[in-house]
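Welcome! Open your viewer, get ready to select a few residues, and follow along one stop at a time.

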Amino acid sequence: MGITHPSGLIVIAVGVCLWLLQTFAVYLYATISKQWSRFAALYWLTTAISFAGAYAVIFFLTANIVHGR
């Protein structure tokens, strides 16, 4: 997303969609493997925070490296 010049709403929408796909994949894996965590809500919240942080850092690094030259 950092390579193109999207609006802020598109950047956030793509990030949310990617995070939801990641959450669905983890949920699907936990369902298939029968490995449920007692702290599922806390884990879900930490993935939201860590994914948002990683997505923001990579977006800004990509945008600055590509468009900074």
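A residue counts as buried when its relative accessible area is under 20%, and as exposed when that value is over 50%. Keep in mind that you are looking at a predicted model.

**First stop: Y55.** Select Y55 and ask: is it buried or exposed? Y55 has 18% relative accessibility, so it counts as buried.

**Next, the core around it.**

**Then F51.** Leaving aside residues up to four places away in sequence, F51 touches G15, L18, W19 and Q22.

**Now the rings.** How many aromatic pairs does the structure hold? There are 2. Show F51 and Y55 first: their ring centres lie 6.0 Å apart and their planes meet at 15°, so this pair is stacked. Both residues sit in helix α2, 4 residues apart, which is about one turn of the helix.

For the other pair, select F59 and F60, which are edge-to-face, with 5.2 Å from centre to centre and 75° between the planes.

**Last stop: the two partners.** Compare their surroundings by showing the surface. F59 has 16% relative accessibility and therefore counts as buried, whereas F60, at 52%, counts as exposed.

Note on methods:
Residues numbered from 1 in each chain as written. Predicted model: local features only at pLDDT ≥ 70, side-chain atom pairs only at ≥ 80, totals over all residues. Heavy atoms only, no water. Contact = heavy atoms within 4.5 Å. Phe/Tyr/Trp six-rings, centres within 6.5 Å; stacked < 30°, edge-to-face > 60°. Helix = DSSP H or I, 4+ residues; strand = E, 2+ residues; numbered from the N terminus. Buried < 20%, exposed > 50% of the residue type's maximum accessible area, 1.4 Å probe, protein only.
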